[in-house]
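Hello,

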Amino acid sequence: MNGAEVLIDALKKEGVDLMFGYPGGAVIPIFDVLYREDKMKFILTRHEQGATHAADGYARATGKVGVCLVTSGPGATNTITGIVTAKLDSVPIIVISGQVRTDYIGSDAFQETDMTGLTRSVCKHNYLVQKVDELPRIIKEAFHIARSGRPGPVSIDFPVDVSNAKVKSYSYPETVDLPGYKPTLNGNPRQVQKLARSINRAKKPLLYTGGGIISSDASKELQKLLQKTNIPIVVTLMGLGSVPYDNRLFLGMPGMHGTHAANYALMECDLLIAVGARFDDRITGNKHTFAKNAKIAHIDIDPSEIGKNVKTDIPIVGDAKNLLSDLLAEVNPRKPDGWNNTTEEWKKKYPLKYIQPEDGEILPQYVIDRISQIADSDTIIVTDVGQHQMWSALFYQHKKPRSFLSSGGLGTMGYGLPAAMGAAMAFPDRMVVSISGDGSIQMNIQELATCAINKIPVKIAVLNNSYLGMVRQWQDLFWEKRYSSTCLKRGPDCPKDCRGPRKECPQLYLPDFVKVAEANGLKGLRAVKPTEVDSVLEEGLKVEGPALMEFMVRKVENVYPMVPAGKSINEILSGEE
Amino acid sequence: MEEKHTIIITVANHVGVLARISGLLASRGYNIESVIGAPTENPDIYKINLVVIGTEERIEQVTKQLNKLVDTIKIIDISHKKNYIVREFILIKVNAAKNRSEIFQLIEVFRAKIVDVTQNHITIDLSGPPRKVERFIQLLKPFGIKEFVRSGEVAVSET
């Protein structure tokens, strides 16, 4: 056996049966093994970034490790955005990149790049395989590191001579020996008791949960805790779906585009129980006023998250699933009380709303709402980044965990389509809808062909407002409508000081997404009027293969609620000021 | 309050481990005052002695981040611990065209060693607790220091 054969065999032993990627000179030996391999499906994307996001989408939808395989040099550097995306959202992926021959490393050889140097600060761990004998151990460790503890991306750089090198004997290790890496899974029981006592005493307790609930598959435990304690809950973008939208205790998403109820509850609570969430600046707003009346308990598997952004009174390091079970056993039952009523009144007083006129422009919120009504409860929603992402978070009715995939931490435009491919490959029987903006979709639009040719039935909804809407919204609200470089229709004849759509605006929008869809072998549909939204959705979602549905939405609609950056999270703009 | 923290990091002796440590510190915006890395009595283990300046909270965060590295086995901030022997080594070149006897006296008091003498300068080697090294430098300053190199701090526990 040679190194390439060992690699593929080791991947199979780790349960990998699907990879995404792109070949090149330094990985031909590995692709040669794939050529004769029956048990490993390989999806050739059109760009390495697409392959990385596809592996990420697969990982988020399944909880398993997503794998992609690319060549050295530009192949490797093209994966960086995907690696950082996975790092910031704690997604387990493994990126295997080719590398030049070991004796050429450091000589600026053709398609050489220092991948371990480049990825050091953006992955959970990385390896350069220097000898073929190390390979089984490295693969074993890489999978262990990627999926255990706080999950994350691992990069393996694999020189071409090592993949050609023969091994004398090969056995795949059963255990790993990493003295420096032992994630704490079980929390300190005394701290759990302390938290339970605090909950029993609290008058206005509030749960604030994030992606950690999804990573540790703790939705059931969380819902049991809600049932027993009736503590109101706010759920971050990364945690959406871990509590069904119609749970009475669910106050919505908190933070910059959070609901009034969620943000007011954060400001009012006297005990804040954070689980698998990291007090990101998009959640806390002004850190000094954030939850200033509350004692803060923080449950996280990553000790470095505790105390990083806010001071913690009750720190507990451990796995969310274990800790929620422990807490469930310790805590007293609690009946809904005045605090619950207060939160429910906020919900009633400040509902998320929009008014869709029957004849007029399509509102983006309406499209999301209709997708939510028409799609079945098994649907996986994948988003890109921007306004449509926030509307999807707010107006889609999230029902299940691992069913809303979105780049939260890095905010990577171009994430949606390839990640949706990964999710659709993982679950061929579930509907996968990729909701995108006209800006984001163009960042990895080359993957349309990948979908069509591989019969990956992703349904793409493009909300076209001809703007990079989220930046335009900031320019609208905080930069006196100086729409600098955010209009995608802008041409050389436009006035320099454009402050929004006018009659004289160019009519032409490029590209024509329906034609792009058709040229790539997808069904292409377009809705221009509100009355066409349902028919386009019904037709598009029913198509057997992939389809792209374009919705021409109102150009200058803003996402509300909104808390301006750095303000206290109860200083909410609702769009009616 | 910002103060100096001496941190001992025990890591697995893997390729690039020093780069991981220093890279992490740089990417999170910490300034390294000094760093020494060398293998130990166990060839699989590598020890890094690090001096960084920061507030208690910042240093706690940096040790947590360093701990997260897969190669990190153990990490101790010894700044407020008494049972550690801390040493630093210095080579210092002083102008000695005049005042030679005064310099010789200092050398004797500090139990330093002369390693080179020329017409114009003396090169001295000294090792000891960081405060002693610092004091020695201060006392030599009036004579005119041409150059010095410091090793940075190394430490070992008494027990």
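The lining of the second largest cavity divides into five nonpolar, two polar and two charged residues (nonpolar: Ala, Val, Leu, Ile, Met, Phe, Trp, Tyr, Cys and Pro; charged: Asp, Glu, Lys and Arg; polar: the others, Gly among them). Among its lining residues are A:Met256, A:Asp281, A:Arg282 and A:Ile569, and the space in this cavity is about 40 Å³. A cavity is a set of points on a 1 Å grid over the protein atoms alone where a 1.4 Å probe fits but cannot get out; a pocket is an open set with protein on both sides within 12 Å along at least five of seven lines; lining residues have an atom within 4 Å of a point.

This is a predicted model: local features need pLDDT of at least 70, side-chain atom pairs count only at pLDDT 80 or more, and totals for chains, interfaces and linings use all residues. Residues are numbered from 1 along each chain as its sequence is written, chains are lettered from A and ligands numbered from 1 in the order in which they are written, and side-chain values use heavy atoms, with hydrogens and water left out.

The largest cavity holds about 80 Å³. Its lining has three nonpolar, six polar and three charged residues, including A:Tyr396, A:His398 and A:Lys399.

The second largest pocket has a volume of about 1,000 Å³. Of its 42 lining residues, those closest to the centre are A:Lys87, A:Asp302, B:Gln65, B:Lys68 and B:Leu69. The lining comprises 14 nonpolar, 15 polar and 13 charged residues.

B:Val149 is partly exposed because its relative accessibility is 47% (buried is under 20%, exposed over 50%, partly exposed in between, with a 1.4 Å probe and protein chains only).

Regards

Terms used
Grid points are joined across faces, edges and corners, and a volume is the space filled by probe spheres set on the points.
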